[in-house]
Amino acid sequence: MAATTHGRRHDEHHGHTPGFVSRWLFSSNHKAIGTFYLIFAVIAGVAGGALSVAMRLQLLHPHNTVITSGQEWNTTIAAHGLIMIVFTVMPALIGGFGNWLIPLMIGAPDMAFPRLNTIGFWLLPPAFVLICIGLVSGESGASWSLYPSSSDIAYAFGPGVTYTLFALHLAGASFLLGSMNFIVTIFNMRAPGMTMHKMPLFVWGELVTAFLLVLAVPVLAGAIAAALFDSQNGGDPVLFQHPFWFFGHPEVYIMVLPVFGIISHVVSTFSNKPVFGYLGMVYAPIAIGVFGFIVWAHHMFVSGIDVDTGTYFMTVVMVIAVAACIGVFSWIATMWGGSVELKTPMLWAIGFIFLFTIGGITGVALGNSSEIVHAPYRVVAHFHYVLSLGAVFGIFAGFYYWIGKMTGHQYPEFWGKVHFWLTFIGVNLTFFPQYFPGLPGMPRRYSDYPAAFAGWNYVSSAGAFIGGLALLVFLYVCFRTFTSRAHLADNYWGKGATTLEWTQPSPPPHRTFMELPLVR
């Protein structure tokens, strides 16, 4: 490290400035890698959002032909789900904010293994390309859960499913490398005096998430290997479901637990109070992580589970809901009696609390083993309220909260609030109406439906179009932010920003990460 730093100073002394490729593409600086992840997440998010608008165009009216065949429809669902989960939410929350903020918050100079960090990121773009090949070829029609027999060679013609499976292997390797890096960094590189119980809550969220990834991703790799066996020639679809959902349910919390930390910081800052119940907010995510591994089969109530086993998994669903409620209680208690400022990050945080609560309540209802309904449309509403809305609202809360620290540029407050309200209205119009056709039994993953369900589907599609407009507003916010010349103070959120708890200060606005040497 010292020799590399000396070499860099020698180059700078002799006027050798690194070029774009060596400065950025070969960089192992945690801020540069975090920036790569965030940019990648935005690109993938635009692609995944465009697919969701295309699906709602198809469902705007009964018997629409925007998507011409069932195979294309299934391929679109598979690409949308995997792009939004694996290539948008996880890179933003874990790779982006995690890489940027963990060293700053614990006082570390960088990640423990900087080059491993670089490798972890550069495994994602080829994986994304493989997913897109499966989409464009129209051959990866196994939906995002890749269930046999839809993923069998007999039904999935061409190499599209193979590309998708390989993409998940690459992405899994990427997240494994990043998770091990996070764990070693947090345990071994904290500043003197930074005990575990003094760490910021965002760091705790990332630490629990890293452990979940290390334990769950290898199981996903086993499930993908099981999917290679044709169900007509010895493969067992139920055997695939068990390891897939053993990964799939912790994956839900992998996308939510970092948001718990983000929301805690935002609510504390804009309530001008320390977060209520710090220890509860530490151990609730740990409990969620532990219980998250023993609830997987509530996704499999229609797969032939006996009554006693179903009762057990239903009970654990209710227990894990209690741990999630601790977070909601803590955020509300933090705001209670505080001097609440409704700045843009706080609006996103309150929106997350509202949406996460609705999604959680409906999730408990879906976890009832005595009410076994196969694939109702309300599952789509529940899932998106928790993840598509909850996790994405957390990402936007973190973006507006930390973008000034990251770049030294101030986002436009007015357009940030326009972005929030358009998104909040659009996503609620999109997904809340989906509970109603789901109750009488409209199935999900169908490209057509009876005319009786036309009204609510029309409202849902209109909400998706508003959400698409909100995404364009966000891109405009990014443009305005990065072209802003407004100077920001180091503590630009005011007195409440002391709750940021930076151990190692991030660069002040006049010296952003772009001005720092990024090459090791």
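Two residues are in contact here when heavy atoms of one lie within 4.5 Å of the other. With that in hand, welcome to this predicted model.

## The overall picture

The protein chain holds 16 helices and 0 strands. Of its 520 residues, 55% are buried.

## Helix α3 and its two partners

The crossing of α3 with α16 is left-handed. On the α3 side, the residues that meet α16 are V42, V46, V53, R56 and L57. Facing them from α16 are N457, S460, S461, A464, F465, L471, F474 and L475. The residues of this contact comprise 9 nonpolar, 3 polar and 1 charged.

The other partner is helix α6, residues 124-137. Here the axes come within 12 Å and cross at roughly 10 degrees. Since angles under 35 degrees count as roughly parallel, α3 is roughly parallel to α6. From α3, the residues Y37, F40, A44, A47 and L51 take part, and they meet L124, P125, F128 and L135 of α6. This contact between α3 and α6 is made up of 9 nonpolar residues, with no polar and no charged ones.

## The nonpolar cores

In soluble globular proteins, nonpolar side chains tend to be buried together. In this model, the largest nonpolar core has 135 residues. Which of its members touch the most others? They are F87, L93, F97, M199, I263, F352 and W402. Helix α4, residues 70-106, gives the most to this core, with 18 residues.

There is also a second, separate core of 10 residues, and among its members are W73, I77, V380 and F453.

Let us begin with H384, in helix α13, which runs over residues 378-407. Is H384 buried or exposed? Its relative accessibility is 16%, and because buried means under 20%, H384 counts as buried. Setting aside residues up to four places away in sequence, H384 touches H80, L389, G390 and F431.

Next comes Y278, found in helix α10, residues 278-292. Its relative accessibility is 21%, so Y278 counts as partly exposed. Apart from neighbours within four places in sequence, Y278 is in contact with M196, H197, K198, M199, L201 and W204. One of these, M199, is also named among the residues that touch the most other members of the largest core. Between Y278 and S264 there are 14 residues in sequence and 9.4 Å in space, C-alpha to C-alpha.

The last stop is V238, in helix α9, residues 237-271. At 30% relative accessibility, V238 counts as partly exposed. Beyond its neighbours within four places in sequence, V238 is in contact with M300 and S303. V238 and Y147 are 91 residues apart in sequence, and their C-alpha atoms are 9.1 Å apart in space.

Conventions:
Residues are numbered from 1 along each chain as its sequence is written. This is a predicted model: local features need pLDDT of at least 70, side-chain atom pairs count only at pLDDT 80 or more; totals for chains, interfaces and linings use all residues. Side-chain values use heavy atoms; hydrogens and water are left out. Helices (H or I, at least four residues) and strands (E, at least two) are DSSP runs, numbered from the N terminus. Buried means under 20% relative accessible area, exposed over 50%, partly exposed in between (1.4 Å probe, protein chains only). A crossing is left-handed if the near helix is turned anticlockwise from the far one by less than a right angle, and right-handed if clockwise. Ala, Val, Leu, Ile, Met, Phe, Trp, Tyr, Cys and Pro count as nonpolar, Asp, Glu, Lys and Arg as charged, and the others, Gly among them, as polar. A nonpolar core is a set of buried Ala, Val, Leu, Ile, Met, Phe, Trp, Tyr and Cys residues joined through side-chain atoms within 4.5 Å. Axes are lines fitted to C-alpha atoms, for helices over the stretch in contact, and angles run from 0 to 180 degrees between N-to-C directions. Angles under 35 degrees count as roughly parallel, over 145 as roughly antiparallel, 65 to 115 as roughly perpendicular and the rest as oblique.
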